[in-house]
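Q: I'd like to learn how to read a model like this one. Where do we start?

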Amino acid sequence: MSFSTDEFKNSLSHFASGVTVVTFSDTTRAGGLTVSSFSSLSLDPPLVLFSLQKNITSHDPLLASGLFTVNILASEQQELSNQFASGKIDKHELIQKLACDLGHNGVPYLNGTLARIECELEKQVDGGDHTIVIGRVLFAVSDDSKRPLLYYRRNYYNI
């Protein structure tokens, strides 16, 4: 049996996911990227994971920083998702423009999100053309009054 890359991508697009922006800061610059491959992993110890494409510019700085924050986007934050997904926008400048506060782990976080989960890098695992990033949760907070931003079949949805 064989299948094309396009068939595989189309099949995966049928899985609805929440939308996150993972922010990080190395010694000189803050950064961030849109991630839809986020998941909880363990309650004890508290662990989360996401996959990080190896060929993007954020890959090495994020792993080298050792700290990151998962910002779970609210329904009205589609534009933030697009900005952090763009290869044409300087994410450090974007974080400065957004006047992001620093979390307990010293990493900038986005205001107005559905939730934020501050982590330290626990482990990285090879995952083909991605690195599976496992983070130990240091702090978590959420806003139950907000609604999620969802991604399904290459489109955003609000519920």
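A: Let's start with surface: accessible areas come from the Shrake-Rupley method with a 1.4 Å probe, and for residues only the protein chains shown count as cover. Here the protein exposes about 9,200 Å², with carbon and sulfur atoms supplying 52% of it. Keep in mind that this is a predicted model, where local features need pLDDT of at least 70, side-chain atom pairs count only at pLDDT 80 or more, and totals for chains, interfaces and linings use all residues. Residues are numbered from 1 along each chain as its sequence is written, and side-chain values use heavy atoms, leaving out hydrogens and water.

Q: How many helices and strands are there in the protein?

A: Helices (H or I, at least four residues) and strands (E, at least two) are DSSP runs, numbered from the N terminus. This protein has four helices and twelve strands.

Q: What share of the residues is buried?

A: Buried means under 20% relative accessible area, exposed over 50%, and partly exposed in between (1.4 Å probe, protein chains only). Of the 159 residues in the protein, 38% are buried.

Q: Where does Asn105 lie, and is Asn105 buried or exposed?

A: Look in the loop between β7 (101-102) and β8 (108-109). Asn105 has a relative accessible area of 11%, so it counts as buried.

Q: Which residues is Asn105 in contact with, leaving aside its neighbours within four places in sequence?

A: Contact means heavy atoms within 4.5 Å. With those neighbours set aside, Asn105 is in contact with Leu67, Phe68, Thr69, Glu118, Cys119 and Leu138.
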